[in-house]
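Here is a short briefing on a structure. Keep the 3D view open as you read.

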Amino acid sequence: MEKLPLGLALDLRKVVPYETGSWRTLMPVNIMQTPPCNQDCPAGNDIRGFLRTLAEKKDYEAAWHVLTRTNPLPAICGRVCPHPCEDGCNRRDFDSPVAINSAERAVGDYGLEENLEHKKLIAHRKEKVAVIGSGPAGLSCAFHLAKRGFQVKIFEAYGEPGGMMRYGIPSYRLPNYVLRQELENIWKLGIELECNIKVGVNIPMDQLIQTHDAVFVGIGAQTGLTIDIPGQDAGNVFSGVEFLRDVNSGKYVDVGKDVVVIGGGNTAMDCARVAKRLGANVSVVYRRTRVEMPAITAEIDEAMEERVMFRYHTNPVKIIQDDDKVVGILSVQMELKEPDASGRARPVPIPGSESVIPADTVILATGQAVDYDGIEVHKRDNKWISANENLMTSIDGVFAGGDAVLGLETVSAAIGQGTRAASAIEDYIDGGVESRLSSPPVIYSKDLNTYYYNKKRRFQKEALPIHMRLKHFKELYPALDFEAIIDEAERCFSCGLCFNCGNCFMYCPDNAVRISEKTGLYEFDLDFCKGCGLCAKECPCRYIQMTLEK
Amino acid sequence: MREQSKYLEGVDKKDLFASGHRACGGCGQALAARLVADAAGENTIACVATGCLEVFSGPYPDPSWRIPFLHSLFENASAVASGVDAAYKALKKGPVNIIAQGGDGSTADIGFQSISGMFERGHNVLYVCYDNEAYMNTGVQRSSFTPYGARTSTTPTGNTTRKKNMPMLAADHGIPYVATATVDDFRDLQLKIRKALTIEGPKYIHILAPCPLGWGHHGELTVEICRLAKDTGLFPVYEIIDGKVTNVRKIPVKVPVEEYLKPQGRFKHLFKKGVPTKEVDVIQEIANQNIERFNL
């Protein structure tokens, strides 16, 4: 036996500490939860992931790779997405939501500047997939399939790829070079593209189905719907889609002095603002009020800033023409009655309130429909393609997504559908059932301990001043400051995922939170944890929760 | 190994007060003792008076202390610390950090004379008082730190006297450094310990350490209760350097005392079916006086 110093009966260095873990009835666990931004993102982006990468590593390249795991078009989404993620952001209840949309744009722009390339997950597979339409849905589906090694071929009806992003969204919102660069990056994955081929007209649908293992239909809603008013065959009456397509393909459109846009959706806003930039006085005619307008709020605000006139409660009755040319529209005032089936107030005309609005051009932005020429699938409400939960249509092996399925939706919703369809197609080809992991519960601000967060001003992107906007189609929001975006990313609460604040580590009265030597993350030493719950209570992002002892 | 979290810069975690002690879950004193020991570092001698801290951290053969630890009687921790200081001087050894530690009973009641003596003789000792506002070790009896209205086993209908203002009493001995702190702000607490140890002469630091058992709240609320004590004004956090009150922690958003009283079982009798009685107004008045006095 070792000789001990005088007075000691026991070598204290060899004593095993008393394990207090046996006192515990509740035990702490680390549970990663879904933040509301990820939950609300129609494209399924890992928003918390890319913001935390920016904030912690200050690494735009890594953030770009996080973002492009799900979204092939970050620079585009960062410009045109109505960002439902920010509406859900838990910071909303604290000060103001994180400017996720601007951060996404900065990350996307960085990717374009540095020519970052997508990584292939599987090098090569022999199966072939045809994608009809190169809009966001088709691109996203092709992107995800190509990443997984499939031979993907896109058929595009128009001269250039991009769908509504090319021909629908005006270039002050989405400059053409951004679209071009982002697409070029996607083609590098080995996707074949054939333009000016309209499936169903130039090439029969059946042939595609026979020669490919699967087909994805992402044809969008390219036909403008008209409303039933007399005089719409006059010259200078356009449908919204048609008008935007003409302007975006660089055609000279003479709109004259006065333009009347009929409708209250996003297409109507785009048409109005484009016509304004072509030098016209624009009024938007809508039969309900601003509240009922389906357009994105920011778009309406910006249109108002640009002095677009809004005439609410006004319904066109007739387009007045003189010698085959529009001179104005006859309109009637409406009043709103009890809501109709769509939940919006039902407009009813007021007798004797007719008036004439002068117009050199009338744009009917009153809805869009799918152009089914040569594509025969089952339809929902006789309008949109009907698809099951795996996005498969009535034809076996033919999948569909985007506006053609959803009705009129956003770019990000179409991207999300493309992603889902790609995974469904992969499972279809592999003969498996689509494996969808259930995501953990969403975390809301009432669950957070916001004491540890600091109030900080939200990043505000600066639009061009109004007098500089209307003379050209240059982008409304100039390039963003990358440094400022990193500051903004630091505002992210990191809801439901540890951000290494160290509260559990410092507050545990029993020192039972340790830094794992393997992973470097905080872990619980359950030999000593008494289960008091202090760590869970003081965890700012609720990554730690107490559960019953096993 | 993960790099040090940027949120923990300027904070010490050395585990000099190790796991395996017998404190209740969520014990504020265990947390405070670890924060103090980690801030003081290895070159420290802890002289601890009888009380919860000594009982739960010192049983042979597996004490939690990883620094030299000297257990004394209830009343003489500061006298023992004075002796350690004198011994080091006589042996011409050191320098060493000597920290005398005790609960509120041994500080304000039983050990007051020895603390007073230590301050007056000017020993180079830091005295840390873990204030949990009653004799928790022996079964929650009233001490002179028990606040107005609190129920203890000896004041079952609520304490009728006000809490002794020990930091001020210590400051009036003319000692160079007095500070108050709470366990929720570990950065501030460790800063004060480190600052005190750089000063020659007797120092006094008063730490509010909630006792889940004696105060009748959940263990998980220890930090929250401290925060509320500060934000209601019931526990002002400040430093007294050479007799002048400085570095007062301003309350960001003032909180009514009910918020602090309600989660605690010892104040439960102050609410009749959730409606506050007139004692709550007295406590609010105490908080208001603190706010006015220290300009919180």
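Helices (H or I, at least four residues) and strands (E, at least two) are DSSP runs, numbered from the N terminus. With that numbering, Glu114(A) sits in the loop between helix 6 (100–113) and strand 2 (128–132) of chain A. The model is predicted.

**Surface charge**
- Glu114(A) is part of a negative surface patch, together with Asp59(A), Glu61(A) and Glu113(A).
- Glu114(A) counts as partly exposed because its relative accessibility is 44%.

**Chain B overall**
- Chain B has 11 helices and 10 strands.
- Its radius of gyration is 18 Å, close to the 19 Å that the globule rule gives for 296 residues, so chain B is as compact as a globular protein of that length.
- The C-alpha trace of chain B spans about 60 × 45 × 40 Å along its principal axes.
- Of its 296 residues, 59% count as buried.

**Salt bridges**
- Side chains of opposite charge can pair when their charged atoms come close.
- The count is 53 salt bridges over all chains.
- Arg125(A) pairs with Asp430(A), with the closest N and O atoms 2.7 Å apart. Arg125(A) lies in the loop between helix 6 and strand 2, and Asp430(A) in helix 15 (residues 411–430) of chain A, so the pair ties together parts that are 305 residues apart in sequence.
- Arg125(A) is buried at 15% relative accessibility, whereas Asp430(A) is partly exposed at 45%.
- In chain B, Arg227(B) forms a salt bridge with Asp184(B), the closest N and O atoms being 3.9 Å apart. Both residues, Arg227(B) and Asp184(B), are buried.

Definitions and conventions: Residues are numbered from 1 along each chain as its sequence is written. Chains are lettered from A and ligands numbered from 1 in the order in which they are written. This is a predicted model: local features need pLDDT of at least 70, side-chain atom pairs count only at pLDDT 80 or more; totals for chains, interfaces and linings use all residues. Side-chain values use heavy atoms; hydrogens and water are left out. Patches are made of residues with over 30% relative accessible area and no salt bridge: like charges are joined within 9 Å, nonpolar side chains (Val, Leu, Ile, Met, Phe, Trp, Tyr) within 5 Å. Accessible areas come from the Shrake-Rupley method with a 1.4 Å probe; for residues, only the protein chains shown count as cover. A salt bridge is a side-chain nitrogen of Lys or Arg within 4 Å of a carboxyl oxygen of Asp or Glu. Lys and Arg count as positive and Asp and Glu as negative; His and the chain ends are not counted. The place of a charge is taken as NZ of Lys, CZ of Arg, CG of Asp or CD of Glu. Buried means under 20% relative accessible area, exposed over 50%, partly exposed in between (1.4 Å probe, protein chains only). The radius of gyration is taken over C-alpha atoms; the globule rule is 2.2 Å times the number of residues to the power 0.38.
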